[in-house]
Amino acid sequence: MTDGALVERACAGDAEAFGELVDRHREAVFRAALAALRDPAEADDAAQDAFLLAYRKLRSYRGESSFRTWMLTIAWRTALRRRRGWRRWVTRLVLDGSAPFPRPPIDAGPSPETAAAQAELAGHVERLLGRLPSRLRDPLLLLATGDQGYAEMSALLGVPVGTLKWRVAEARRQLKEKLSRLGYADE
Amino acid sequence: MSDPRRRRAALDDELDAALARTVRRAGRTDLRARVMASVAQGPPSAGQPLVLWTAVAAAGVVAAMIAAHSLRGPAAPLERTANETPAATAAPVLPSPGPAAHTLAPARPARTAAIRPDRPRLANGNPPLDGATDEGAALVIDPLEQPSPPIVPLHTDALAIVPLAIDDVGSLSSEDRP
């Protein structure tokens with residue numbers, strides 16, 4: 001069954017149809033929120049808020065874009081509102097920004113040394129990402145989710161594709177330059 | 001890995017992997033259950049009372065701010081505004097010299113010192129500006145007296161000009177001057 005058919009059934013009162021839509025898109029919605037918030041717990045809350053908002057506004061979905069794009073747009077805006085919200089500022093003040101970003105366990109791969117090196121690099125990247133301006137960081141992380149290409153990101157962020165490509169390239173350039181200073185290109 | 005190009009490529013790969021580890025992650029698997037539980041709780045309008053009360057509270061805060069502002073009264077005239085520079089407000093405010101002040105040249109104290117005691121004076125005790133006495137006779141100008149700046153009165157009423165021009169400025173102490 002297509003997304004459009006599920007939307008029609010959900011609008012007719014079939015809550016389970018909306019549940020199916022949640023299951024189909026929850027990963028992409030969560031990752032978009034994570035790209036904006038960089039905090040899994042907050043991203044999870046934002047994803048839930050986004051689905052609830054989508055359910056309330058479901059009748060306003062005209063089918064002009066795919067349901068996935070519509071849903072990701074809602075998720076992105078919900079995450080941005082949360083990012084700008086006062087609760088996040090208070091949390092940052094209380095935690096002094098020192099709360100470590102919990103990272104998923106790294107595949108051990110060939111050796112424990114490699115895993116340790118990857119974990120260290122991930123820590124550096126996370127820290128450097130926090131210093132990037134959001135106009136560079138957002139498209140870089142959205143692209144890194146693998147859920148959307150430049151055209152979809154352009155619709156999501158309201159920025160031309162060419163500008164997005166430049167911002168992603170500039171974000172990567174800045175990150176690599178700082179990583180090089182940390183010795184990552186000298187091995 | 002000594003080739004710089006290969007090192008840069010390796011850094012690219014490492015960066016891609018680190019970015020993917022940052023955002024390509026799975027959320028909690030119970031998201032559907034949580035969303036459906038909220039959906040089942042009620043119609044979409046369930047959240048509106050909170051919005052309404054928030055709006056009412058915000059309006060109350062604004063009204064209180066307006067009331068506090070009106071009770072405080074208008075701002076003092078010498079309060080510094082955002083556009084004023086500290087230098088502009090540091091100068092003391094002098095009493096207004098009146099409408100005739102702009103008719104005189106600025107170097108008034110030097111002229112005051114050059115006035116002789118025996119020089120004819122007007123009825124109010126001040127020397128005339130244009131050579132006229134109370135009787136209308138011409139004033140004899142001492143050729144050895146230092147020339148004073150030209151005076152170009154804009155008003156014909158010299159009696160209104162003189163007291164303010166010479167006495168007020170000349171009586172200012174050094175602390176009064178800006």
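A: The description below begins with conventions, passes to the chain as a whole, and then turns to the contact side and one residue in it.

This is a predicted model, in which local features need pLDDT of at least 70 and side-chain atom pairs count only at pLDDT 80 or more, while totals for chains, interfaces and linings use all residues. Residues are numbered from 1 along each chain as its sequence is written, chains are lettered from A and ligands numbered from 1 in the order in which they are written, and side-chain values use heavy atoms, with hydrogens and water left out.

Chain B contains six helices and zero strands, where helices (H or I, at least four residues) and strands (E, at least two) are DSSP runs numbered from the N terminus. Of its 178 residues, 20% count as buried, that is, under 20% relative accessible area with a 1.4 Å probe, protein chains only (exposed is over 50%, partly exposed in between). Chain B exposes about 12600 Å², of which carbon and sulfur atoms supply 63%; accessible areas come from the Shrake-Rupley method with a 1.4 Å probe, and for residues only the protein chains shown count as cover.

At the interface, 27 residues of chain B are in contact with 46 residues of chain A, contact being heavy atoms within 4.5 Å. The two chains bury about 3400 Å² between them, with 62% of it on carbon and sulfur atoms; buried area is the accessible area (1.4 Å probe) that two parts lose on being put together, summed over both.

Eight salt bridges are counted between chain B and chain A, each a side-chain nitrogen of Lys or Arg within 4 Å of a carboxyl oxygen of Asp or Glu. One of them joins Arg172(A) to Asp16(B), with the closest N and O atoms 2.5 Å apart. On the chain B side, helix 1 (4–23) and helix 2 (31–41) each supply at least two residues. Helix 1 gives the most, with twelve residues. The residues of this side divide into 13 nonpolar, four polar and ten charged, with Ala, Val, Leu, Ile, Met, Phe, Trp, Tyr, Cys and Pro counted as nonpolar, Asp, Glu, Lys and Arg as charged, and the others, Gly among them, as polar.

Within helix 1 of chain B lies Leu15(B). Leu15(B) is buried, its relative accessible area being 0%. Leaving aside residues up to four places away in sequence, Leu15(B) touches Val125(A), Arg172(A), Leu175(A), Lys176(A) and Leu179(A).
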